[in-house]
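Please open the model in your viewer and keep the selection panel at hand. The tour goes from one pair of elements to the side chains between them.

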Amino acid sequence: MSASGNAMAMFETRLADDQIKVLEENFTKVSKHPDETTLMLIAAECGLSEEETAKWFRMRNAQWRKAEGLPAELGSVKD
């Protein structure tokens, strides 16, 4: 498992299954890059801080990009 995969796994072990479910649903169905308002709503729904939610999305995006064969960081290509 990669470093970002390890970090993601460690972060998710601190989250409840229902929190992960909400985060994943928003990632796949709403946006991989939620705006500030959407991030705030997701955080409230999960019972997480906006910072924790933003961190989860950053790590999940890196994991998704790697799986897609893209660089881990967002570059000139919009997801």
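What follows is a short walk through a helix pair and a salt bridge.

This is a predicted model, in which local features need pLDDT of at least 70, side-chain atom pairs count only at pLDDT 80 or more, and totals for chains, interfaces and linings use all residues. Residues are numbered from 1 along each chain as its sequence is written, and side-chain values use heavy atoms, with hydrogens and water left out.

Select residues 17-29, helix α2, together with residues 50-67, helix α4; they pack at an angle of about 55 degrees, with axes 11 Å apart. Helices here are DSSP runs of H or I with at least four residues, and axes are lines fitted to C-alpha atoms over the stretch in contact, with angles from 0 to 180 degrees between N-to-C directions. The two helices are therefore oblique to each other, the class left once angles under 35 degrees (roughly parallel), over 145 (roughly antiparallel) and 65 to 115 (roughly perpendicular) are set aside.

Next, show the side chains of Leu23, Glu24, Asn26 and Phe27 on α2 and of Thr53, Trp56, Phe57, Arg60, Asn61 and Trp64 on α4, which make the contact (heavy atoms within 4.5 Å).

Now select Glu24 and Arg60, whose closest N and O atoms are 2.9 Å apart in a salt bridge, that is, a side-chain nitrogen of Lys or Arg within 4 Å of a carboxyl oxygen of Asp or Glu. A search of the whole structure finds 1 salt bridge. Glu24 lies in α2 and Arg60 in α4, so the pair ties together parts 36 residues apart in sequence.
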